[in-house]
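Good morning, everyone. Please look at the screen while I talk.

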Amino acid sequence: MWDPGRQEDPIGIPETRSVDSVSSSGACATFIASDSTTKPENDDGGYYEMFTQKFVFRPELFDVTKPYITPAVCKECQQSNEKEDLMNGVEKEISISVIEKKRKRCAVFNQGELDAMEYHRKIRKLILDGSLQLIQEGLKSGFLNPLFEKQDKCSKPIISPLDTCNLSELCEMAKHLPSLNEMEHQTLQLMEEGTSVTEQDLFLRVIENNSSFTKVITLMGQKYLLPPKSSFLLSDISCMQPLLNYRKTFDVIVIDPPWQNKSVKRSNRYSYLSPLQIKQIPIPKLAAPNCLVVTWVTNRQKHLRFIKEELYPSWSVETVAEWHWVKITSSGEFVFPLDSPHKKPYEGLILGRVQEKTALPLRNADGNVIPIPDHKLIVSVPCTLHSHKPPLAEVLKDYIKPDGEYLELFARNLQPGWTSWGNEVLKFQHMDYFIALESGS
């Protein structure tokens, strides 16, 4: 089933929607936030009227029209004279020469590279055939659009919010705050609109928005949108106790670990965890019986084996399926060449269930055990924000019980109906990532 529409539901989330192996590029996820502006009380002693304001995730964050997502300015936007063209030609020849030399030095592959090539060989046909079938359906429905030269214009640069409120640094600061007594209340429910949250309140409690509207909170002068029925804890892995004291166990736990790799080390973009640190995440204390555990993983075979052979067994989780997220442009091309030796246009998800001796099998209305299919494809136009994953609520709904408790670990955004944890859990909820719709839109 192809879902060609943009997200317009009032409890939308800022990412792509996925349905039956297919995902649309939900660039217009809608949040409805209550505005604190009210009408004056009338002469009859009437009530205050609350207005609402709709916000959508900025559409340009899904403006992926070409393969190779880069911030470079496209050639059509550059004006060059013959001298520049000549110099560019010389530089190109030098570049080709350097590349050829590097290729000669890299003729021998290490074991990790050989394992990666063998894995790609096994799933290549699945990725290619499955994606092309869905892409054709998307083109036919009009959801995807062929890229013609006259439409191939330079897109405007995406300006990220000024990081004046560095969330990960605040997490470090929180370690020096006095801790709450374990008997004290560990949650903070947001009751008013436009709430300002102190650092101490934020780091020592799980913050809840139990209303049916998105709320706006202010932290260190920065505004963030909190979806309806959502909750979060902003902390690093050393300060998870408030989540454990939350007195909830979860039916679904989605994990996006900061895997260690060479590019992360070079870029210093975010901190990473060792396999031992990842194993220490207290999943057994957070998981309900039959909990579905979903872990995002890179294409590095070392990480795939670690999840299946070490991580999940240490949590008493049995691997049940491996899924693939395939990233395409808005015209239906892979964001990277399928056979690229460096970056692939797909990532993996490993699904497992917590094993309990006394747990009953998860059943649907007909009384049958709900099977999770192996090698399911999620095909979507990715968000251009680094490491922003598509939400999985829609694609998982057939395999989990409704109205359950759902948790995302290492999250960078919030979802309606979910609890989220991470040291940058509000990062992509910053008001600057959204635009307000005009009244009546």
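Which residue forms a salt bridge with Lys 397? Glu 394 does. The closest N and O atoms of the two are 3.2 Å apart. Keep in mind that this is a predicted model.

Let's step back to the whole chain. It has 441 residues, and 44% of them are buried. The secondary structure comes to 10 helices and 18 strands. The accessible surface is about 24500 Å². Carbon and sulfur atoms account for 51% of that surface.

Next, contacts. Take those between residues at least 6 apart in sequence. Of these, 69% join residues at least 24 apart. Hold on to that, and let's go back to salt bridges.

How many salt bridges does a search of the whole structure find? The search finds 13. Here is one: the side chains of Lys 248 and Glu 405 meet, 3.5 Å from N to O. This pair links distant parts of the chain, 157 residues apart. Lys 248 sits in the loop between α5 and β11. Glu 405 sits in the loop between α10 and β16. Lys 248 has 28% relative accessibility, so it counts as partly exposed. Glu 405 also has 28%, and so it counts as partly exposed.

Now a second pair. The side chains of Asp 251 and Lys 401 meet in a salt bridge, 3.6 Å from N to O. Asp 251 lies in strand β11, and Lys 401 lies in the loop between α10 and β16. So this pair ties together parts that are 150 residues apart in sequence. Is Asp 251 buried or exposed? Asp 251 is buried, because its relative accessible area is 14% and the cut-off for buried is under 20%. Lys 401, at 43%, counts as partly exposed.

Salt bridges can also join up. Asp 256, Lys 327, Glu 347 and Lys 389 are linked in a network of them. Find those four on the screen.

On to helices. Two packed helices are described by the angle between their axes and the distance between the axes. Our example is helix α2, residues 111-141, with helix α9, residues 301-314. They pack at an angle of about 75 degrees. Their axes are 9 Å apart. That angle makes α2 roughly perpendicular to α9.

Which residues meet there? From α2 come Asp 115, Ala 116 and Tyr 119. From α9 come Gln 301, Leu 304 and Arg 305. By class, that contact has 3 nonpolar, 1 polar and 2 charged residues.

Stay on helix α9, where we find Glu 310. Glu 310 is partly exposed, with a relative accessible area of 42%. What does Glu 310 contact, leaving aside its neighbours within four places in sequence? The answer is Lys 279 and Arg 305. Lys 279 is 31 residues away from Glu 310 along the chain. Yet their C-alpha atoms are separated by 8.4 Å.

Ile 370 gives another such case. Ile 370 lies in the loop between β14 and β15. Ile 370 is buried, at 17% relative accessible area. Ile 370 and Tyr 399 are 29 residues apart in sequence. In space, C-alpha to C-alpha, they are 6.2 Å apart.

Last topic: backbone angles. Most residues other than glycine have a negative phi. Here are two with a positive value. Phi of Asp 403 is near 60 degrees. Phi of Phe 410 is near 65 degrees. Where do they sit? Asp 403 is in the loop between α10 and β16. Phe 410 is in the loop between β16 and β17. What about accessibility? Asp 403 counts as exposed, at 80%. Phe 410 counts as buried, at 16%.

Look up the loop between α10 and β16, which holds Glu 405, Lys 401 and Asp 403. Thank you.

Key
Residues numbered from 1 in each chain as written. Predicted model: local features only at pLDDT ≥ 70, side-chain atom pairs only at ≥ 80, totals over all residues. Heavy atoms only, no water. Helix = DSSP H or I, 4+ residues; strand = E, 2+ residues; numbered from the N terminus. Buried < 20%, exposed > 50% of the residue type's maximum accessible area, 1.4 Å probe, protein only. Contact = heavy atoms within 4.5 Å. Areas by Shrake-Rupley, 256 points an atom, 1.4 Å probe, with all protein chains shown as cover. Axes fitted to C-alpha atoms, helices over the stretch in contact; angles between N-to-C directions. Parallel < 35°, antiparallel > 145°, perpendicular 65-115°, else oblique. Nonpolar A, V, L, I, M, F, W, Y, C, P; charged D, E, K, R; others polar. Salt bridge = Lys/Arg side-chain N within 4 Å of Asp/Glu carboxyl O.
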